[in-house]
Amino acid sequence: MTATLMESGRVVERGDVARPSFAAVLRGEWLKLRTVRSTWWTLLATFVLGAGLTILMCWGNADWLASADADESPGSFITWGMMVAQITAVVLGALVVTTEYGTGMIRTTFAAVPARGRVLAAKAVLVTVVFFVVGTGTALVGYAGGNYFLDREGIGMALEGDVLRSMYGSGLYLAGIGIFTLAVGFLLRHTAGTISVVLALMLILGNMVNLVPGAVGEWLTKLMPGNAGSAVSTPVAFNPNLLDPWPGFGVFLVEIAVLLAAAYVVVRRRDA
Amino acid sequence: MIRAHSLTKRFTTGKGQSKNAVDGIDFVVEPGRVTGFLGPNGAGKSTTMRMILGLDAPTSGTVSVNGHRYAASPAPLREIGALLDAHAIHPGRSARDHLRWMAASNGIPTTRVGEVLELVGLEPVAGQRAGRFSLGMGQRLGIAAAMLGDPPVVVLDEPVNGLDPEGIRWVRTFARQLADEGRTVFISSHLMSEMALMADHLLVIGRGRILADCSMTEFMSDHAASYVRVKAPALADAAAVLGGRGLEVSRHDDEIRVVGLDAPSVGELLFEHRLAVHELTLVRSSLEDAFMGLTADSVEYHAIAPSEGVAR
């Protein structure tokens, strides 16, 4: 396509200029992500909470879990910290978008990359990859540490089957929450608003719909994003009434897709 | 080149009311000269600039950069560089990193980052977090960002805001240099005095409408009214002589003001009639006055002059 550019200090028409590739947009967004401290603080929190709390819970409960009066499975504890670490995915997923709106930098971004859908896609890809890697890594460290204490009581678990699935499942769940929040961030544009809405939806509303009587309440509970998506991140769920890991994650993916589609439409139409 | 055709932006102002922030304007910003976009606050300057950059969608009408819609540009930062808001940067990111991500997103080589930092004189503080920057440094960073792609079209929204006199002069020289290189330079301001020194061409906007679209010299001669002040012992006689020549003459206390003839000719005319003259001065109202006069009706918020405020 033709573009008017400067070459050797003169204005020239060039017919062979290609649009910056998606890879370029992705590189730009990656530079943005890694050049602010909040990214590293948040990811450090993911690791400390996710791995640390798992180890702490296993250490504290190993001997009870091994006893006869245990009414929970050790499988519910081996990724316990990830339930708390998911909050950090909400925070980073929001910050990646909302700080740009808060500072007005979104205008610089959209002036540099007028194809706004690409900006959204690049951010979503980055959040997914970062949280899949960090989430899975954190879960593995938590497993290694936690299982040490479980092993001592003779209830250790091998890294296979549902346990193995819960490791990369933790990565998938955190990645999912990250994009989910990112999409909400594009819709709401405010940091505090985005974080509150997503946390309320995941942690509070997810439990409150339980109070709706009958099958309706039961299904609402199953379908709430936090409940549907989190099953994949534990070998044995605390709540036995939730959807199975993969069907649940499928529901979560559909919810993410709907939000992303809404964000895509709104971002392209709305004035920046 | 930037071309706007019937460009309109309507905002709803609550209670179902709406107003045209930009009201069907037509203009062309030509390359090779500095075009000043002048208007009081709230006149529609920034909205127009955002529409040029595809950030705001026009309610109706079109605006194109180098013949196409900005959003359709294959090389956005290399076609148009813009400074819209010096604060629109992440406070935690360094100046260099800010420029690096912008360069990366448009496939511009990273070496260019060092060049533009040097160009605006920010090299020594490039590693500092942008949040610590003064307004002036932020403006320089914004200008560096605008120049990243070495674009033939440069749009700067109030670039001298917050700059010290040295910085203001730098922007002026810089804008001149860009125009001399054949680039299209479009600079907004609400200060006439600034534009008078910087712009070749003027686009005056008020309440979303174009009030003047002319060269700086034309604007001066058209809008900056001038008259010759005459003080003479026989003021009435002098007024009669000058009025008799079909000149516009008005009397103010101990002086008369003559419009339509230069000072030497007024002096000679009075000399022919043997009338003594004590003072003969060409008085030019400033460009600031001219601009104020032109936009008086379109200023959004008038301050009440102190004397009026005390009156009741």
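Which residues touch the most other members of the largest nonpolar core? I went looking in this predicted model, and the answer is B:Leu99 and B:Ala144, in a core of 147 residues.

Helix α6 of chain A, residues 161-188, gives the most, with 14 residues.

Then I listed the neighbours of B:Ala144. Leaving out residues up to four places away in sequence, B:Ala144 touches B:Leu99, B:Val116, B:Leu117, B:Leu119, B:Val120 and B:Leu122. So much for that one.

I also found another core lying apart from the 147-residue one. This other core has ten residues, including B:Ala238, B:Leu242, B:Val249 and B:Ile256.

On to a sheet in chain B. In what order do its four strands run? I read β11-β12-β10-β13, an open sheet with antiparallel pairing. The edges are β11 (248-252) and β13 (279-284) of chain B, each of which pairs on one side only. From one strand to the next, I get a twist that averages 25 degrees.

I zoomed in on one pair. Strand β12 of chain B, residues 255-259, pairs with β11(B) over five bridges, in the antiparallel sense. For B:His252, I looked up the bridge partner in β12(B) and got B:Glu255.

Last entry: what packs on this sheet? I noted helix α10 of chain B, residues 263-272. Helix α10 touches β10 (226-231), β12 and β13 of chain B. The direction of α10 makes about 150 degrees with that of β13(B).

How values were computed:
Residues are numbered from 1 along each chain as its sequence is written. Chains are lettered from A and ligands numbered from 1 in the order in which they are written. This is a predicted model: local features need pLDDT of at least 70, side-chain atom pairs count only at pLDDT 80 or more; totals for chains, interfaces and linings use all residues. A nonpolar core is a set of buried Ala, Val, Leu, Ile, Met, Phe, Trp, Tyr and Cys residues joined through C-beta atoms within 7 Å. A residue is buried if 20 or more other C-beta atoms lie within 10 Å of its own, exposed if 12 or fewer, and partly exposed in between; C-beta atoms are placed from the backbone. Helices (H or I, at least four residues) and strands (E, at least two) are DSSP runs, numbered from the N terminus. Two residues are in contact if their C-beta atoms, placed from the backbone, lie within 7 Å. Two strands pair if DSSP finds at least two bridges between them. Axes are lines fitted to C-alpha atoms, for helices over the stretch in contact, and angles run from 0 to 180 degrees between N-to-C directions.
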